Amino acid sequence: MAQIINDKINEYEKKIKGGSEDKDLLQRWLILKILREFRFRNETASLEFVDKKTYDEELEKDEKERKRNLIVMSPDGWFISKNKYKTDKVYGEVIIPLEGDILNDIQFYHSKVGDGMLFKSSFQNGKKRKTIMTSNALTKYMIKWSNKELPPIILEDGSQKPRNLSTTMIVKVYESSEHGASKKKIIK
């Protein structure tokens, strides 16, 4: 399954680098790359671009107030400051330097969408609701994507069932692909 998702990422990348202006395609591509690279889950929805000055101002605030997940655009090197995630009370802020292909991809994405929240939610269109991506909206977004874009599961009776891959399931697919063989050896 990991290879099927990787093939989709590569397919999207060819279209994007080929000049596609489809913002939804661009968004799906980066969400999948972030899930694959960093194994984030729903915190992916709340990532936002900020400059180093904004980040430094956040550091001066009370730690309880600092509950944002940031991609910091620093002249000394871009990095992710992860503050709001499932186990943040245990581990606190996690700093992840960005380098190589993922840095280039994030900078390319930033050049297309600009500052602020990385992702927009198609599930929250309308005047009453903001279009900011939430963790729940991201889960729905990825399930809808997997139902549409990934091959269905073939059941024993020959019928087909659409795939329902949330952010957590996509991360588990990559974890299983990477560590599945070694786990089987340990169990045996």
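1. Where does Arg39 lie? Arg39 sits in the loop between H2 and S1. Its phi is positive, about 60 degrees, although Arg39 is not a glycine. For background, most residues other than glycine have a negative phi.

2. Basis of the note. This is a predicted model, in which local features need pLDDT of at least 70 and side-chain atom pairs count only at pLDDT 80 or more, while totals for chains, interfaces and linings use all residues. Residues are numbered from 1 along each chain as its sequence is written, and side-chain values use heavy atoms, with hydrogens and water left out.

3. Overall make-up. The chain has seven helices and seven strands; these are DSSP runs numbered from the N terminus, with helices being H or I of at least four residues and strands E of at least two. From the N terminus on, the order is α-α-β-α-β-β-α-β-α-β-α-β-β-α. Of the 188 residues in the chain, 40% are buried. Here buried means under 20% relative accessible area, exposed means over 50%, and partly exposed is in between, using a 1.4 Å probe and protein chains only. Contact means heavy atoms within 4.5 Å. Among contacts between residues at least 6 apart in sequence, 51% join residues at least 24 apart.

4. Helix H1. H1 has 16 residues and reaches 22 Å from its first C-alpha to its last, close to the 22 Å expected at 1.5 Å a residue. The expected span is 1.5 Å times one less than the number of residues. Ala2, Ile5, Asn6, Lys8, Ile9, Tyr12 and Ile16 are the buried residues of H1. They cover an arc of only 155 degrees around the axis, which puts them on the same side of H1; the arc is that of the directions from the helix axis to the C-beta atoms. The face turned away from this buried side carries the exposed residues Gln3 and Lys14. Just after H1, Gly19 takes a positive phi of about 110 degrees.

5. H1 against H2. The axes of H1 and H2 come within 9 Å and cross at roughly 140 degrees. Axes are lines fitted to C-alpha atoms, for helices over the stretch in contact, and angles run from 0 to 180 degrees between N-to-C directions. H1 and H2 are therefore oblique to each other. In this scheme angles under 35 degrees count as roughly parallel, over 145 as roughly antiparallel, 65 to 115 as roughly perpendicular, and the rest as oblique. H1 passes H2 in a left-handed crossing, a term used if the near helix is turned anticlockwise from the far one by less than a right angle, with right-handed used if clockwise. Residues of H1 including Ile5, Ile9, Tyr12 and Ile16 meet residues of H2 including Leu25, Trp29 and Leu32.

6. Helix H5. The 14 residues of H5 (residues 100-113) should span 20 Å at 1.5 Å a residue, and the end C-alpha atoms are 20 Å apart, which agrees. Ile102, Leu103, Asp105, Ile106, Tyr109 and His110 are the buried residues of H5. Their arc around the axis is only 165 degrees, which puts them on the same side of H5. On the other side of H5, Asp101 and Ser111 are exposed. The buried residues of H5 pack against helix H1 (2-17), helix H2 (23-38), strand S1 (47-51) and strand S2 (69-73).

7. H2 against H5. These helices pack at an angle of about 155 degrees, with their axes 11 Å apart. That makes H2 roughly antiparallel to H5. H2 passes H5 in a left-handed crossing. The contact involves Leu26, Gln27, Leu30 and Phe38, among others, of H2, and residues including Ile102, Ile106 and Tyr109 of H5.

8. Two residues of H2. Gln27 is in helix H2 and, at 7% relative accessibility, counts as buried. Leaving aside neighbours within four places in sequence, Gln27 is in contact with Tyr109, Leu118, Phe119, Lys120, Met133 and Tyr141. Phe38 is also in helix H2 and is buried, with a relative accessible area of 17%. Not counting residues up to four places away in sequence, Phe38 touches Ile80, Ile96, Leu98 and Ile102. Phe38 and Ile102 are 64 residues apart in sequence and 9.8 Å apart in space, C-alpha to C-alpha.
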